[in-house]
Amino acid sequence: MEKRIFTPLTDETIESLKAGDRVLLNGYIYTARDAAHKRMVEALNRGEAPPFDMKGQVIYYVGPTPPKPGQVIGSAGPTTAIRMDKYVEPLLKLGLKGMIGKGYRSQLVKDLLVKYKAVYFAAVGGVAVLLSKSIKSSEVIAYEDLGTEAVRRLYVEDFPVIVANDVYGGDVFEEGRKKFAQIDP
């Protein structure tokens, strides 16, 4: 059974999630990939504000394709999350509560999720068109010159994700490896 949660995320919501939970995410989320993360962190280092208030928010690591006529957004599948690991802590310090991507995270990020009470959600790669059906609106809010990597504000309804890393150190990728290692040949 899925848990239906809403943004902005609270500590109470975050603490109710465990690695492996299936979640239907609802509300506003923001997109950012490598180039946008780099710009945000560079701006923070100069003392500038980020393009949106991070408190309680979720960033989706995606560079959606342009929409076809009649679509809100084109294909919107997750990108590999570990590439953003070096940018995570400054955003968590500002109150970021969730990230959505594909694949595992470094031990550093897993430790930071515990420290700052945040979660990493995994979205299934290869189903970008299906995921885009949960996106009801999309607007570029920063770094338009980055094209598909611009920061967008998305409104999502029942966006399907899995809690990959929780505030308790849980990790679905590690758990999966351990289970696989126990299988007899």
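1. Three aromatic pairs turn up in a search of the whole structure. Rings of Phe, Tyr and Trp (its six-membered ring) pair if their centres lie within 6.5 Å; planes under 30 degrees apart are stacked, over 60 edge-to-face, the rest tilted. This is a predicted model, where local features need pLDDT of at least 70, side-chain atom pairs count only at pLDDT 80 or more, and totals for chains, interfaces and linings use all residues. Residues are numbered from 1 along each chain as its sequence is written, and side-chain values use heavy atoms, with hydrogens and water left out.

2. Tyr30 and Phe52 are stacked, 3.8 Å centre to centre with 5 degrees between the planes. Tyr30 lies in strand E2 and Phe52 in the loop between helix H2 (34-45) and strand E3 (58-60), so the pair ties together parts 22 residues apart in sequence. Helices (H or I, at least four residues) and strands (E, at least two) are DSSP runs, numbered from the N terminus. Both Tyr30 and Phe52 are buried (under 20% relative accessible area; exposed is over 50%, partly exposed in between; 1.4 Å probe, protein chains only).

3. Tyr60 and Phe159 have ring centres 5.2 Å apart and planes at 70 degrees, so this pair is edge-to-face. Tyr60 sits in strand E3 and Phe159 in strand E7, 99 residues apart. Tyr60 and Phe159 are buried.

4. Now the charges over rings. Arg153 lies over the face of Tyr28, 3.6 Å from the ring centre. Arg105 lies over the face of Tyr120, at 4.8 Å. The test: NZ of Lys or CZ of Arg within 6 Å of the ring centre and within 35 degrees of the ring normal.
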